Amino acid sequence: MADKRSDSPPSLLITGCSSGIGHAAAHTMQSRGWRVLATARQRADVQRLKQEGLEAFQIDLADSRSIKAGVAELMTRTGGKLDALFNNAAYGQPGAVEDLSREVLRQQLEVNLLGTHELTARVLPMMRAQGHGRIVQNSSVLGFAALPYRGAYICSKFALEGLTDTLRLELDGSGIHVSLIQPGPINSRFRDNAYRAFKDNIDAVNSAHASTYQKVQARLAGADGGKTPFALDPDAVVNRLIHALEHPRPKARYAVTLPTRLFSLLRRILTSRGMDAVLLRSTRAERR
Ligand SMILES: NC(=O)c1ccc[n+]([C@@H]2O[C@H](COP(=O)([O-])OP(=O)(O)OC[C@H]3O[C@@H](n4cnc5c(N)ncnc54)[C@H](OP(=O)(O)O)[C@@H]3O)[C@@H](O)[C@H]2O)c1
């Protein structure tokens, strides 16, 4: 196992373990011999994770006090050491860009970008003191390709990519490696959570996009049978996480799913106009 410096198992903190990718990652990495510190936003989920045999405590990325308390808890449990951090937690706020209030956009950035950043900045001193560490960011195909009606989430993931690329350069030679995973569609609770955020925060009736929102809502509600084309199970992401955490030479980026690999290629060879045409075409059915 890369970067292991003692006989005790290497430690890994994961955010957003209540469901989906974080939940799968926590169990898989624990079964591979890591000491997993599984965190979740809600107390009830922390209890459930403990019952599943995981070492768990609370971190809510929307709340600085919760992040601070979570890092204090981590330090107490590990004696101030952390070998790896998987910044997994995030949610998607759907809605047309012009329908996003400042507060709703702020909330999206608070969780997906600023909370993730704060947690990372708080654990980096531990990794620097050790002289090694791994940081893995769960980004998205929407971290480099834009699709309509997902602007808040896309903004958060584009920003996460920029911050992460910069951090990787700044940590060059430190022994701390930083990787981005870019999943396309993954079967998880992501869509249910996005639908909730849509209903809570978007005025779908009094919008210039009202008719399109009927389609958007139908998709989020699972009118397509909940089956997203090319979707993979969370294990597809966890497999790349294993490489990022355990390989001696982790990659800067891991593309997961066919849509990610395809959009990544097209973005390199097409003009912006050509790329827009592809992105609009790929979402035509959900808009008309
Ligand atoms: N599913 C996809 O198609 C897909 C594609 C590309 C990238 N991703 C990325 O994969 C990651 C995991 O998503 P998923 O697919 O596994 O979706 P998920 O099942 O909805 O899991 C998201 C996790 O993030 C947590 N979370 C949300 N807000 C939080 C907060 N304020 N503080 C701490 N945790 C919070 C959720 O906790 P609660 O249960 O408490 O809400 C949940 O544990 C995300 O970064 C997402 O952007 C997903």
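Select threonine 257 to begin: this residue sits in the loop between strand S7 (253-256) and helix H9 (258-269). Helices here are DSSP runs of H or I with at least four residues, strands are E runs of at least two, and both are numbered from the N terminus. Threonine 257 isn't a glycine, yet its phi is positive, about 90 degrees. Its relative accessibility is 3%, so threonine 257 counts as buried (under 20% relative accessible area, 1.4 Å probe, protein chains only).

A quick note before moving on: this is a predicted model, where local features need pLDDT of at least 70, side-chain atom pairs count only at pLDDT 80 or more, and totals for chains, interfaces and linings use all residues. Residues are numbered from 1 along each chain as its sequence is written, and side-chain values use heavy atoms, leaving out hydrogens and water.

Next, pick tyrosine 149, in the loop between strand S5 (133-138) and H5. Tyrosine 149 is another non-glycine with a positive phi, about 70 degrees, and it is buried at 12% relative accessible area.

Now click the ligand. Around it are 29 residues, and Ser18, Ser19, Asn88, Tyr153 and Ser188 come nearest (near means a heavy atom within 4 Å). Show distances from the ligand's oxygen atoms: 2.6 Å to an N or O atom in the serine 18 side chain, 2.8 Å to a polar backbone atom of isoleucine 21, and 3.0 Å to a backbone N or O atom of arginine 189.

Finally, colour helix H1 (20-31), helix H5 (151-170) and helix H6 (190-201): each supplies at least two residues of the shell around the ligand.

Conventions. A polar contact is a pair of N or O atoms within 3.5 Å; within protein, one must be able to donate a hydrogen and the other to accept it, and residues adjacent in sequence count only if both atoms are side-chain atoms. Buried means under 20% relative accessible area, exposed over 50%, partly exposed in between (1.4 Å probe, protein chains only).
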